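Keep the structure open as you read.

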Amino acid sequence: MTESQATFSGNRGLMLEEALIFELGHPGRVAVDLPDPGPIDLDRLGGCRRAAPVGLPDLAEPQVVRHYTRLSQKNYGIDSGLYPLGSCTMKHNPRLSEKVARLPGLADLHPFQPQATVQGALEVIDSLAHWLKVLTGMPEVAMSPAAGAHGEWCGLMAIRAYHEAKGQGHRRRVLVPESAHGTNPASAAMCGFTVDPIPAKENGRVDLDALKAKLGDDVACLMLTNPNTCGLFETEILEIAAAIHEAGAFFYCDGANFNAIVGRVRIADLGIDAMHINLHKTFATPHGGGGPGAGPTVLSAELAPFAPLPFVVADGAGLKLVEHAAEIPESQPFGRVKGYHGQFGVFIRALAYILSMGADGLRQASTDAVLNANYLLARLADQLSAPFAGPCMHECLFDDSFLKDTGVTTLDFAKALIDEGFHPMTMYFPLVVHGALLMEPTESESKETLDQFIAVVGGLAAKAKAGAAEDFKQSPRLTPRRRLDETLAARNPVLRWKA
Amino acid sequence: MRYLPHTDADRQEMLAAIGAPDAEALFRDVPAAARLTKPLDLPGSQGELEVERAFQGMARKNLSAGCAPFFIGAGIYRHHVPAAVDQLLLRGEFLTAYTPYQPEVSQGTLQALFEFQTQVALLTGMDAANASMYDGATACAEAAVMAARVTKRHKVILSGGLHPHFRATTETVLRYTEITAEVLDPDPLGFEDLIGRIGPDIAGVVVQNPGFFGGIRDLRPLAEACHQAGALLVVAVTDPVSLGLIESPGAMGADIVVAEGQSLGMGMSFGGPGLGLFATRDKYVRQMPGRLAGQTIDVDGRRGFVLTLSTREQHIRREKATSNICTNSGLCALAFSMHLTLLGETGLARLAELNHAKAVRLETKLKRLKGVRVVSQSYFNEFALRLGDEADAAQVVEALAARGILAGVPASRFYPDYPELAPVLLLAATETNTEADIDALVAALEEVL
């Protein structure tokens, strides 16, 4: 901060400093008025009444509202501007979805009400399941996984359960490309599988020959992201699927990038046996600073009987929530993946988006997402460095060779973008290219926004090449906090406030 | 289409810049055989008005809790959420942000998570908490895995007082790991002998307090037995409001505390999304799953917050990570934290007392009914009733629903294979219940029984 920016308060105009709630408390203040419960009959507490206060601060409502308002102003969201975080799909979150999720007839429901009193809620689940099945061409969907990684694990559990049921329990090896999300190997490990990496070819796709060489009767499945994490469609996907199936293994697809192909490609037609769908990416539910998400997982006919509990089935005139395996004799659920019946609040939002878009709008959204990424790729190709030729799908990948000998790193470049009013792209992922910059503009962005972004990125690239490394190292300068010491945070963890 | 800004002219101009004849050309890497050429059998786009009408139609097919005397708990609780919570939660900077990977533009989320972690640690009586898990059940499963990781042992004991969904989720997570679970029968009376089962092979004992059937137990003897045998005590909580009145698991010796945080800030939402709370001792922090916010300084020396200790996590460690979890329940954690901030020490204590008082009131009136017996020896805001030896609690609940009363959950919904539990009904009362609600339930139950 320069001298001229210093203030007595530490505030800088609209950039307001805000203490922790624990530093703002004033015993006796209260922001929730509750009636006096009268004397407490302690007999029924099993002799376990709390001995000491919790230690929470007391505040009144105006302070609390101001606290969180000020905190919110230190955040960048999609509502603030372009958020081209590759692989994360930061698209516009419609406000209608928020409105309908708050209808008391949907929000104020308990998961254990008698089923006759929640037929509308079961209809929400069933309708969304129908859309997901038709859009993917798959016969079944496990609705309850809470996020993408949770869906991966769900799909792999179904695959493991299938193999065990067929006397193929020795199939424990899972093939995972080097470019995969870290969740893929981690999910495989949770199912008792070992992970065997497969290399990519120079064009950024799976090396089919290398894959075939790794196949054997101990392989449980392949886990492949498609479009892959380099933003490329796997051109040999049909051959990959055939090879996997011939080896008696399954084809699991990480559906993080399903948003590129919705309405244009059904994953059943690619030979995929299971795939999770990140509702918070493809179907525009808010990321909320890190969740909640939802990861419904579509399953092939072979895997469908192993889907986890609970699930919704048609039952005469109504819908029935099946909570126990014994209710459906032909089912062999591998278990239960979470409490209750899935991320219902997320289902409502996703379904509202889907009903708004319709089949035509969903297809147009995929097309526009791919168009926008290709536009960035085409317009930035000369100024940055793209390791793979286009067309790309919904995201475009650059490496850091354009920064060679400038002294500027991918990180510096990203931080400079922050001062320009943009959220950075994904950095250093995927791991298969050096200093990766992965940009996913999504279909929500107008051409004007993209043109502005292109001008800024191009300007920064020229500036870096002109020898402004020291300047880049100082970025960001205009944020509530500048670069933070992550090494200190890890070496000496302070994970909570203490008096 | 209101969410898509491009006009056809924009698209043409962009395709020209790309050098592609049409949008189809951008999809040329998709094998021709796999490209959809015909429209799918699905409806087309709709305006806000039509979509909202569709949801109102579905909403009308439900009996919402606010329209009925309501006494259902069993892990999801109906509490009043102050209006400020939802208004603040809808601020776009919170709602539409991603995981705070870029700390300079995410200090709002990061500071809020740091405050949340502190609140959870204080409430549970533990040293540290993570930035949340999917829900209480998955947090419970992760705790069992962590207990095995810490102790390098391969067996856990799951109490019969554990929520059946927590139990089932944990069993599922362990299914294909080296860890086995000894699962005890449902235990409405709290008579199970956990201490007698603890041996040198036990990684951890997982109990719930208050238990699924309501009972509160002093966990100190169990904690002592665990620690003598080198095992960890994992304590699950399904309504954190209870911790405003009863002793924290940490104060009673727990090593890991997991909880469902839904009851603060979020409403019921048919049971999802939930909020998994996860807290532990300092010495186990590096074995913990999930994201963590930590305090640090920026280059100007000012206090700030970052995600930290990420070498535990999947994006760094891949198959050797403590968990595959990537997403947490960020917005739900924020809602929880806002509600708890609004309550404060004073408000939480009063809310907890009020819940207990309502439940005592309910119990007092119900136990006067002929044949009805209270099973739970102790409780916070939920208890189990035995409706008489011949009664079928499931039928009673259906009969009361037909009269517009949502009267708890029959134990048989979770335990269809235990006929002795058929007459058992779980009932919860919170600050949202009025005296008229209680009287309506008592009168209707008297008629039905």
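In this predicted model, strand 10 of chain B pairs with strand 11 of chain B, residues 382-386, in the antiparallel sense. Two bridges hold the pairing. Look at Arg373(B): its bridge partner in strand 11 of chain B is Arg386(B).

These strands belong to an open sheet of four strands in chain B, ordered 10-11-13-12. The pairing in this sheet is antiparallel. Which strands form the edges? They are strand 10 (373-374) and strand 12 (409-410) of chain B, each pairing on one side only.

A helix packs on this sheet: helix 11 of chain B, residues 330-366. Helix 11 of chain B touches strand 10, strand 11 and strand 13 (424-428) of chain B. The direction of helix 11 of chain B makes about 10° with that of strand 11 of chain B.

Now step back to the domains of chain B. The assignment gives domain 1 (1-30), domain 2 (65-80 + 344-448) and domain 3 (83-339). Note that domain 2 of chain B is listed with two segments, 65-80 and 344-448. The C-alpha centres of domain 2 and domain 3 of chain B lie 27 Å apart. Their contact takes 29 residues from domain 2 of chain B and 25 residues from domain 3 of chain B. Which elements give two or more residues to the domain 2 side? They are helix 11, strand 11 and strand 13 of chain B. Helix 11 of chain B supplies the largest share of that side, seven residues. By class, the domain 2 side of this contact in chain B has 18 nonpolar, eight polar and three charged residues.

Turn to chain A. Its domain assignment lists domain 1 (96-353) and domain 2 (361-488). The C-alpha centres of these domains of chain A are separated by 31 Å. Here the contact takes 18 residues from domain 1 of chain A and 16 residues from domain 2 of chain A. The domain 1 side of this contact in chain A has eight nonpolar, eight polar and two charged residues.

Next, find strand 5 of chain A, residues 250-254. Is this strand mostly covered or mostly open? It is mostly covered: five of its five residues are buried. In a regular strand, side chains alternate between the two faces of the sheet. In strand 5 of chain A, one side carries Phe250(A), Tyr252(A) and Asp254(A), and the other carries Phe251(A) and Cys253(A). Both faces are covered, and these residues are all buried.

Strand 5 of chain A runs parallel to strand 4 of chain A, residues 219-225, with five bridges joining them. Leu222(A) stands opposite Phe251(A) of strand 5 of chain A. Between the two strands, the chain passes from strand 4 through helix 8 (residues 237-246) of chain A to strand 5, and this β-α-β crossover is right-handed. Strand 6 of chain A, residues 274-276, is also joined to strand 5 of chain A, by two bridges and in parallel. There, Tyr252(A) stands opposite Ala274(A).

Last comes the contact between the chains. How many residues does each chain give? The contact takes 172 residues from chain A and 172 residues from chain B. On the chain A side, helix 10 (residues 344-380) of chain A gives the largest share, 21 residues. The residues of chain A that touch chain B divide into 93 nonpolar, 50 polar and 29 charged.

Methods: Residues are numbered from 1 along each chain as its sequence is written. Chains are lettered from A and ligands numbered from 1 in the order in which they are written. This is a predicted model: local features need pLDDT of at least 70, side-chain atom pairs count only at pLDDT 80 or more; totals for chains, interfaces and linings use all residues. Two residues are in contact if their C-beta atoms, placed from the backbone, lie within 7 Å. Ala, Val, Leu, Ile, Met, Phe, Trp, Tyr, Cys and Pro count as nonpolar, Asp, Glu, Lys and Arg as charged, and the others, Gly among them, as polar. Domain bounds come from an automatic or database domain assignment. Two strands pair if DSSP finds at least two bridges between them. Axes are lines fitted to C-alpha atoms, for helices over the stretch in contact, and angles run from 0 to 180 degrees between N-to-C directions. A residue is buried if 20 or more other C-beta atoms lie within 10 Å of its own, exposed if 12 or fewer, and partly exposed in between; C-beta atoms are placed from the backbone. A crossover is right-handed if, with the strands pointing away from the viewer, the path from the first strand over the helix to the second runs clockwise.
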